[in-house]
Amino acid sequence: MQSVNSLQLTFENRVAVVTGAAHGIGRAICRELAIRGAQVAAVDILEDALDESGKEVEEAIAAHGSAGAIRLYPCDAADSAAVKSLAESVVRDFGKADILVNVAGGVAGQVHQPIEAVSDDDWRKVIDINLNTTFYMIRAFAPYMKEAAYGRIVNISSGAGRSSSLTGIQAYTSAKAGQIGLTRQMARELGRFGITVNNVAPGFVLSNPSTERQWQAMSKEQQDGLIESISSRRLGTPEDIAHPVLFFASDFSRYVNGQIISADGGLQLF
Ligand SMILES: NC(=O)c1ccc[n+]([C@@H]2O[C@H](COP(=O)([O-])OP(=O)(O)OC[C@H]3O[C@@H](n4cnc5c(N)ncnc54)[C@H](O)[C@@H]3O)[C@@H](O)[C@H]2O)c1
């Protein structure tokens with residue numbers, strides 16, 4: 001283990017649980033952790049895409065000669081009982097869980113509708129996958145982290161949760177804002193146990209079929225307008241989101257707790 005002043009500089013011997021591991025951002029987070037030595041428990045509801053993710057990460061591990069590994073856990077993270085047994089399985093398989101990255105979320109295939117047209121089911125589905133998954137995962141894994149007196153929890157929200165959504169999906173904005181609130185509250189509750197809880201809010205990233213469709217549906221003028229509004233003058237990549245996650249998941253952020261980083265190229269400036 002490399003260390004300077006007792007800070008660990010790699011993720012060797014760290015166990016990282018990542019939800020939403022099948023699509024672009026979660027997949028990149030698994031890869032970036034694993035090539036730096038982490039043992040990754042990759043969780044997603046989409047089994048085939050999770051398999052692909054596992055293969056891609058294994059290839060990256062081999063290419064980097066890393067000591068990391070990835071193991072796949074197909075699971076509905078919006079199912080409270082399934083998440084409880086997931087936590088038991090992960091800790092049985094790896095002996096502990098040092099890092100938890102809550103990436104599961106998205107818009108569930110929905111597009112903007114006027115508020116009066118939003119059904120109860122539309123609303124609940126988006127709250128379920130973005131906010132309830134985060135609650136269930138933290139509730140299930142926190143006891144193991146408390147016992148170990150060590151933990152790094154990173155939640156992935158969205159610029160929508162800090163302001164409003166480009167897509168105009170009311171439940172998405174609400175769920176992500178709620179998840180940011182949960183981040184702060186959990187930092188307050190768990191900090192005394194050596195656990196940090198932080199949040200990365202991505203901007204627009206072409207990382208899943210839905211954002212690809214959204215981008216293609218824009219006119220050239222709309223695409224140019226979006227790029228113009230981003231200080232760095234480009235869209236984000238999944239790695240652009242994974243890198244601040246690495247910071248929060250590492251020992252470099254040990255005195256940073258309850259914070260939100262916007263990884264959006266300077267789109268929203270606070
Ligand atoms: N792509 C973007 O532009 C963007 C922008 C802001 C925020 N985000 C957020 O980043 C995260 C990752 O986004 P992405 O673009 O990689 O993919 P995505 O939005 O398609 O969804 C993330 C992943 O979560 C999984 N998931 C959904 N419900 C689940 C459940 N109940 N149990 C387990 N897994 C479940 C999906 O299968 C998918 O792999 C999401 O939370 C998304 O809201 C994305």
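Buried means a relative accessible area under 20%, exposed means over 50%, and partly exposed lies in between (1.4 Å probe, protein chains only). The notes below use those words throughout.

This is a predicted model: local features need pLDDT of at least 70, side-chain atom pairs count only at pLDDT 80 or more, and totals for chains, interfaces and linings use all residues. Residues are numbered from 1 along each chain as its sequence is written, and side-chain values use heavy atoms, with hydrogens and water left out.

1. **Arg-71 and Asp-93.** Arg-71 is partly exposed, because its relative accessibility is 43%. Asp-93 is also partly exposed, at 31%. The two form a salt bridge, with the closest N and O atoms 3.5 Å apart. The pair links distant parts of the chain: Arg-71 sits in strand S5 (residues 69-74) and Asp-93 in helix H3 (residues 80-94), 22 residues apart. A salt bridge here is a side-chain nitrogen of Lys or Arg within 4 Å of a carboxyl oxygen of Asp or Glu. Helices (H or I, at least four residues) and strands (E, at least two) are DSSP runs, numbered from the N terminus.

2. **Lys-84 and Glu-88.** Helix H3 holds both residues, four residues apart, about one turn of the helix. Lys-84 is exposed, since its relative accessible area is 52%. Glu-88 has 35%, so it counts as partly exposed.

3. **Asp-98 and Lys-96.** This salt bridge has its closest N and O atoms 3.1 Å apart. Asp-98 is buried, with a relative accessible area of 5%. Lys-96 has 30% and is therefore partly exposed. Elsewhere, salt bridges that share partners join Arg-27, Arg-31, Glu-32, Arg-36, Glu-52, Glu-56 and Glu-239 into one network. The count of salt bridges comes to 14.

4. **The ligand shell.** There are 30 residues around the ligand; His-23, Asp-44, Tyr-172, Ser-207 and Asn-208 come nearest. A residue belongs here if one of its heavy atoms lies within 4 Å of the molecule. The shell divides into 15 nonpolar, 12 polar and three charged residues. Ala, Val, Leu, Ile, Met, Phe, Trp, Tyr, Cys and Pro count as nonpolar, Asp, Glu, Lys and Arg as charged, and the others, Gly among them, as polar. Helix H1 (24-34), helix H4 (120-148) and helix H6 (170-190) each supply at least two shell residues.

5. A polar side-chain atom of Asp-44 lies 2.7 Å from a ligand oxygen atom. For Asp-76, a polar side-chain atom lies 2.8 Å from a ligand nitrogen atom. Val-103 uses a backbone N or O atom, 2.7 Å from an oxygen atom of the ligand. Taken alone, the ligand exposes 800 Å², and the protein buries 92% of that. The areas come from the Shrake-Rupley method with a 1.4 Å probe; for residues, only the protein chains shown count as cover.

6. **Thr-10.** Thr-10 is in the loop between strand S2 (7-8) and strand S3 (15-19). Its relative accessible area is 16%, so Thr-10 is buried. A polar atom of its side chain lies 3.1 Å from the backbone nitrogen of Glu-12.

7. **Gln-214.** Helix H7 (residues 209-216) contains Gln-214. Gln-214 is partly exposed, because its relative accessible area is 24%. Leaving aside neighbours within four places in sequence, Gln-214 is in contact (heavy atoms within 4.5 Å) with Thr-167 and Phe-204. Its C-alpha atom is separated by 9.6 Å from that of Val-111, 103 residues apart along the chain.

Notes. A polar contact is a pair of N or O atoms within 3.5 Å; within protein, one must be able to donate a hydrogen and the other to accept it, and residues adjacent in sequence count only if both atoms are side-chain atoms.
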